[in-house]
Amino acid sequence: MLEIDKIRNNFPILNQTVNNKPLIYLDNGATTQKPKQVIEIIEKMYSEYNSNIHRGVHFLSNKSTEIYENARNIVKDFINAEKREEIIFTKGTTDAINLVAFSFGEKFIHENDEIIVAETEHHSNIVPWQMLCESKKAVLKVISADKNGELQLDEYKKILNKNTKMVAVAHVANSIGIINPIQEIIDEAHKIGAKVLIDGAQSIQHKNIDVQELNCDFFVFSGHKMYAETGIGVLYGKKGLLEEMPPYQGGGDMIKSVSFEKTEFAGLPLKFEAGTSNYVAAISMGEAINFINSVGIENIEKYETELLKYAEEKLSSIDGLTIYGKSKHKTSAISFLLNGIHHYDTGMIIDKLGIAVRTGAHCAEPTMKHFGITGTVRASFAIYNTKEEVDKLIEGINKVKMMLG
Ligand code: PLP
């Protein structure tokens, strides 16, 4: 049994009132709160060890570098990558997808090649591919979702063909919480020689990820959604592929030697880490993973799945409430609307009760269009949320109904 009270006590921000009510934070899909150990490592970095990494021979620079590179090892072990060079620190998921779209695209995408994304993607996993298709005269294809929001594998198999060079799909659809069948998606793509990028922004904090077992070519995620600081993310890529890809940006730290005649690039992973990276945030990510490991990712998955089931049962029993995204395979996010009540109005009234939920299109306009709506209310959970908080959410929704229904 997890001691959720103890875990909650580790998150100072949760211990406050909002609008004179105890804060209930259910917007974890947007960003998670940070445990004390993450806040403390950031403070320690700036009060004891701060110095630019990979730059100096002096004590502080060596110390910063050592802690930064150790964070890379922690990430490698967390997702079971084969080699530390396969872990590239980026600004976040969006940055990592743009890196792959630009660099993989530069090398491997040509006129009439095809790239596949899913209908339920976050804009971050649509727009960079659209931009690439535009510049290379390639074609973007879409795996459609069924009426519940589940991806239609039959349709996927039909659009895969010898021109497909890249399949980029989210592990978990951020707006509706459905876990996509990525193993089948990866295996089918590989049969025809296409590469696969998995957007793990909404799975890395909830599920055990083993990139070798998945056999994906790229896996990307953001630190701030997994209890770490903002401004940091990870691109995992298979070493052979990353080696073939050209750098995304040029500058300091990504070179071996520079002259006006010729520049030689550094090897992996630095080839893709131009400029001073957000090394303190990367270190915070290492510490966030230490936190996750101390709870156990399997324990987190089990607890959050139970919480989601509880929330789904309770919400389903409310008259006039529609849940968007129905599947046996879901994690940690539930999207809904009250009949005839705008999602913003629901969100604003709930906020008065101290409850933070997300309202709007969740950066997933095509998903909203699929359901014929402009947005939803989304409650998304993290390890510190409780059934009591779900009960308060239900009370809040009933209040909205009484006021506006
Ligand atoms: N992909 C998914 C599935 C997401 O949920 C998000 C953020 O909500 C992103 C990509 C973009 O993440 P970031 O803004 O951290 O780059």
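A salt bridge is a side-chain nitrogen of Lys or Arg within 4 Å of a carboxyl oxygen of Asp or Glu. The legends below describe a predicted model, in which local features need pLDDT of at least 70 and side-chain atom pairs count only at pLDDT 80 or more, while totals for chains, interfaces and linings use all residues. Residues are numbered from 1 along each chain as its sequence is written, and side-chain values use heavy atoms, with hydrogens and water left out.

**View 1. Salt bridge between Glu-155 and Lys-158 in helix α6.** The closest N and O atoms of the pair are 3.6 Å apart. Helix α6 covers residues 153-159, and the two partners are three residues apart in it, about one turn of the helix; helices are DSSP runs of H or I with at least four residues, strands are runs of E with at least two, and both are numbered from the N terminus. Glu-155 is partly exposed at 30% relative accessibility, whereas Lys-158 is exposed at 63%. Here buried means under 20% relative accessible area, exposed over 50%, and partly exposed in between (1.4 Å probe, protein chains only).

**View 2. Salt bridge between Glu-48 and Lys-44.** The N to O distance is 3.4 Å. Both residues belong to helix α2 (residues 36-49), and because they are four residues apart, about one helical turn separates them. Glu-48 is partly exposed at 43% relative accessibility, and Lys-44 is partly exposed at 33%.

**View 3. Salt bridge between Arg-55 and Asp-253.** The closest N and O atoms are 3.3 Å apart. Arg-55 lies in the loop between α2 and α3 (59-79) and Asp-253 in the loop between α9 (239-244) and β11 (255-258), so the pair ties together parts 198 residues apart in sequence. Arg-55 is partly exposed, with a relative accessible area of 40%, but Asp-253 is buried at 14%. The whole structure has 19 salt bridges.

**View 4. Residues around the ligand.** The surrounding residues, each with a heavy atom within 4 Å of the ligand, include His-122, Ser-124, Asn-174, Asp-199 and His-224. Taken alone, the ligand exposes 390 Å², of which the protein buries 86%; accessible areas come from the Shrake-Rupley method with a 1.4 Å probe.
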